[in-house]
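Please find below some notes on the two-chain model under review. They are arranged as numbered points for reading beside the coordinates.

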Amino acid sequence: MFSLLEQNSLFVVLLVVLIIWIGIYYEIIKLEKRLKKIEKKDED
Amino acid sequence: MKLKYFIGILFVLVILLSFIPKISGNLTDVKFYSTIDTTKIIPVKGVISEISNNLYKFIDKDGNEGRLYASNITNKEGIFYLKYNEYENYFTLKKFENNTFFITFPFIPGLEEKARIILFHVPVAWVSVLAFLISMFYGIRYLKSENFEFDVKSVNSASLGFLFCILATVTGSIWARFNWGSFWNWDPRETSIFILLLIYAAYFALRSAIEVEEKKAKLSAVYSIIAFVTVPFFIFILPRITSGLHPGSADDVASPGGGPVIKSGMSFEMRIVFFLSLIAFTLLFFWIFILRNRVTELERKKI
C-alpha cells in the first residue's frame, strides 16, 4: 500500500479525496442518527 | 434547479476536471530541468510537423518552438515525454501519449501529479474558515437578540468548521508524508492549524462544561467571537510572513514575499478548476449546514 502510493503519486491525491468524502459521509450518518431519534420519540 | 442537484453536478465536474487533465510543461521547462537532472523526462503537450526524416518541428502549448528527433510517430498532436540535448540543441522523444484533452495542468518540479491536492485540500481549509466566520456571525446575533435559534446555528457552523479543519489537517498530513517525507513537519501553516484546532476544541469543551442553557449560549457566543479574531492571523497572516513548506510562504519562489496560494505556480486552467472546486465545497457546506439546522430545530421542538 505504502509503496504503491509512493510510486503512483496520483493515488495520494485520490486517497486525499477519499478521506474528505469519508469525513462528509460521517457527518451525514450522524445527522441520520439524530433524525432517527426524533422519529422514535414521535412514535412514542 | 434545486441546490442539492446543482452541488452534485458541480462535484462530478470538479472530480472529472481534476483527474482527467494531464501534467504538461513547456520546452523551457525541459531545457531548464535537463541542466539539473539529466535523467528527468518531462511531459510536454504540443504539435509536430515533419522537416525531414526523423526530424520534426515541435511547437508546445505555449508557442515555443524546438527541433525534435523521433522515429515512428504517427500522431501529430499529444503529450510528448521529452529530454533535451544541450550540446546539439534538440529534443529527443522518450514516450508518447495520445491525449488531446483541451486542458492541461502545469509541470511543477517536485510536485507533478501531487500538485492536484490543491484542488481539494485548499477548498476544505477555506470552508473551515468560512464556517468559523458564520459561527461568529450567529454568535453576535445571539448576543443581540438572545434568541436560541442563533445559538444553535452558531454551534452547528462551528462544529462543521471543526470537521473540515480536521479534514484539512489529515489530508495535508498524509500528502506531506509522500511529498515532504514525514506526516508532520511543524511548518508555520501546520503549526497554526494545530493551534486553531485547539482553540475550537476549547469552544466545545466550554459548551459541554456549562449546564445552564442561557449561560452556555452566552459564554459560547462570546468565545466564538474571540476565537474567530485569531483565525485571520493563523490562516492568512502568520503563514505568509514566515518561511515554510506551503506555497505562499515568505520564501516561496513563485510569489515572492508570500501571498495567496493561487498566485503560486497555478496556470489559468488550473485556477478555473480550483475556483469551481471552491464553489462546490462552499455550497456543500451550506447545504449540510442547513440540513443540520433543520434537524436541531426539530429536536428543540420535540423536547
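1. B:Trp186 lies in the loop between helix 4 and helix 5 (188-209) of chain B. Its phi is positive, about 55°, although B:Trp186 is not a glycine. Most residues other than glycine have a negative phi.

2. Basis of the remarks. This is a predicted model, in which local features need pLDDT of at least 70 and side-chain atom pairs count only at pLDDT 80 or more, while totals for chains, interfaces and linings use all residues. Residues are numbered from 1 along each chain as its sequence is written, and chains are lettered from A and ligands numbered from 1 in the order in which they are written.

3. A second residue with positive phi. B:Asn89, which is not glycine either, has a phi near 55°. The residue sits in the loop between strand 5 (77-85) and strand 6 (90-97) of chain B. B:Asn89 is exposed because 10 other C-beta atoms lie within 10 Å.

4. Architecture of chain B. The chain contains 7 helices and 7 strands, where helices (H or I, at least four residues) and strands (E, at least two) are DSSP runs numbered from the N terminus. Their order along the sequence is α-β-α-β-β-β-β-β-β-α-α-α-α-α.

5. Dimensions of chain B. The C-alpha trace spans about 85 × 45 × 25 Å along its principal axes. The radius of gyration is 25 Å, whereas a compact globule of 303 residues would have one near 19 Å; the radius is taken over C-alpha atoms, and the globule rule is 2.2 Å times the number of residues to the power 0.38. Of the 303 residues in chain B, 35% are buried. Among contacts between residues at least 6 apart in sequence, 59% join residues at least 24 apart; two residues are in contact if their C-beta atoms, placed from the backbone, lie within 7 Å.

6. Chain A. This chain has 2 helices and 0 strands. Its C-alpha trace spans about 55 × 15 × 5 Å along the principal axes. Of its 44 residues, 9% count as buried.

7. The contact between the chains. Chain A contributes 18 residues and chain B 22 residues. On the side of chain A that touches chain B, the elements giving two or more residues are helix 1 (2-7) and helix 2 (9-43). Helix 2 of chain A gives the most, with 16 residues. By class, this side of chain A has 12 nonpolar, 2 polar and 4 charged residues; Ala, Val, Leu, Ile, Met, Phe, Trp, Tyr, Cys and Pro count as nonpolar, Asp, Glu, Lys and Arg as charged, and the others, Gly among them, as polar.

8. How do helix 2 of chain A and helix 4 (residues 148-179) of chain B cross? Their axes come within 10 Å and cross at roughly 160°, so helix 2 of chain A is roughly antiparallel to helix 4 of chain B. Axes are lines fitted to C-alpha atoms, for helices over the stretch in contact, with angles from 0 to 180 degrees between N-to-C directions; angles over 145 degrees count as roughly antiparallel, under 35 as roughly parallel, 65 to 115 as roughly perpendicular and the rest as oblique. The crossing is right-handed; a crossing is right-handed if the near helix is turned clockwise from the far one by less than a right angle, and left-handed if anticlockwise. Residues of helix 2 of chain A in this contact include A:Val12, A:Ile19 and A:Gly23, and those of helix 4 of chain B include B:Leu163, B:Val170 and B:Trp175.

9. Helix packing within chain B. The axes of helix 3 (residues 118-145) and helix 4 of chain B come within 7 Å and cross at roughly 160°, and therefore helix 3 is roughly antiparallel to helix 4 of chain B. This crossing is left-handed. The residues of the contact comprise 17 nonpolar, 10 polar and 3 charged.

10. A residue of helix 3. B:Leu133 is found in helix 3 of chain B and counts as partly exposed because it has 14 C-beta neighbours inside 10 Å. B:Leu133 and B:Ser224 are 91 residues apart in sequence and 8.9 Å apart in space, C-alpha to C-alpha.

Technical notes. A residue is buried if 20 or more other C-beta atoms lie within 10 Å of its own, exposed if 12 or fewer, and partly exposed in between; C-beta atoms are placed from the backbone.
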